[in-house]
Amino acid sequence: MREVEKVIKKLSQEIKEDIISWRRHIHMNPELSGQEFGTAKFVADLLREFGVDEVVENFGGTTAVVGLIKGKHSETVALRADMDALPMEEKTDKPYASKVPKVMHSCGHDAHTSILLGAAKILTTLKEYLQGNVKLIFQPCEERHDCDGAKKLVEAGVLENPKVSAIFGMHVFPDLPVGYVGTREGNFLAFSDIFRVKIKGKGTHAARPHQGIDPVLIASQVVNAMHHVVSRRVDPLEPAVLTIGKINGGFAENIIPDTVEIGGTVRAFDLELRKQFPVWIEDVVAGTTKAYGAGYEFQYEAGNPPVINDKRTTRFALSMMRQLLGDDKVVEIEKPSMGGEDFSEYLMKVPGTFIRLGVSNPEKGIKAPLHSPFFDIDEDALPIGSAVMSYLAYKWVEEFG
Ligand code: NI
């Protein structure tokens, strides 16, 4: 189809009010990670109404909905949205504010879901011109590590049958004004792992420390030494951060306790570093506790892998977004962020690109950060998001199908 960018932009504006109403419905009825039952039903019903060829609910035994729009050839591209909300009370006074106490879409996953619904509507409208398949992944549980949203879907084969050759995802980004989109090649979001340490000393009277083993003092040495892991072990040109966010122990000023517990997070991009961190951290704990005659327990839990945007899909996305929105609306983001996202689980298997969508509008008072109780978006961003996602999918299967 000629001038498809104009057609897609026009279609996205024609369905703008629909996308806004879907977003408001989801925003008013937020659901926590792993409990996206109503949202999933809402999504599945709409996909069927649009004429999406295959709609699978409860994919992989989760609340995910996976749709497939079939095109002429076997080339398949995937588009992903997440559906879960956060356990916090909304404090905006918007007419479409959350109706559920202590649950709020403060990370914009309501926008992601409605944007992908908009893209599905556009792509089904253009189905007769579509050169390949488009898989629509509505994913649960992005916000919590313990229910493994993306990981479970990947393990259940969401990128197979038909085999996906590229994937695109999008996240609202209040640091970018409405009208703009951005991304970058390579490192985009860090891996985020956590560790827990229990230092096992021996409790005693504060006045007779020689009769015990003081885990409070040892913990202070461990905290200190751990901060040298990044500064002395990691190449200074390689981004990495270690933060100890939690320390618990003791119950009285004049008693040396038996144990102290420490918890923290490690974030970086390099997968070799990811293998080294648990070893280095445990070395510090083992060596320090040994010096004082204490024992320890050590746990390291892998969180999300890093989001590393593939070179080819990212150059493709940047060039397509420039064609669609104009050069001045597309930002090449200068630096990666140490934040995390489970979109990385897909990127461990297939090349893809994560895109940031501008949603703030300080003139309208819309500028609160993600995860704020005042978070909101300028809804003018919604059709832009749908246009970008559908255009990327349409063009990908046209160029490579
Ligand atoms: Ni999010």
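How much area do domain 1 and domain 2 bury between them? Hi everyone, let me walk you through that. They bury about 1,000 Å², with 64% of it on carbon and sulfur atoms; buried area here is the accessible area (1.4 Å probe) that two parts lose on being put together, summed over both.

Before I go on, please keep in mind that this is a predicted model, where local features need pLDDT of at least 70, side-chain atom pairs count only at pLDDT 80 or more, and totals for chains, interfaces and linings use all residues. Residues are numbered from 1 along each chain as its sequence is written, and side-chain values use heavy atoms, leaving out hydrogens and water.

Now, the domains themselves. Domain 1 covers 4-188 + 306-400, while domain 2 covers 191-304; these bounds come from an automatic or database domain assignment. Their C-alpha centres lie 38 Å apart. Domain 1 gives 14 residues to the contact and domain 2 gives 11, with contact meaning heavy atoms within 4.5 Å.

Who does the burying on the domain 1 side? His-145, Pro-306 and Met-338 lose the most area to domain 2, together 57% of what that side buries. By class, the domain 1 side has five nonpolar, six polar and three charged residues. Nonpolar means Ala, Val, Leu, Ile, Met, Phe, Trp, Tyr, Cys and Pro, charged means Asp, Glu, Lys and Arg, and the others, Gly among them, count as polar.

And salt bridges? The count between the two domains is zero, taking a side-chain nitrogen of Lys or Arg within 4 Å of a carboxyl oxygen of Asp or Glu.

Stepping back to the chain, we have 10 helices and 16 strands; these are DSSP runs numbered from the N terminus, helices being H or I of at least four residues and strands E of at least two. Along the principal axes, the C-alpha atoms fill a box of roughly 85 × 45 × 40 Å.

Asn-161 and Pro-162 are joined by a cis peptide bond, with omega about -10°, and Pro-162 sits in the loop between α5 (149-155) and β5 (166-177). Asn-58, in strand β1 (residues 54-59), has a positive phi near 55° without being a glycine. His-371 is another non-glycine with positive phi, about 70°, and His-371 is in the loop between β16 (352-360) and α10 (381-400).
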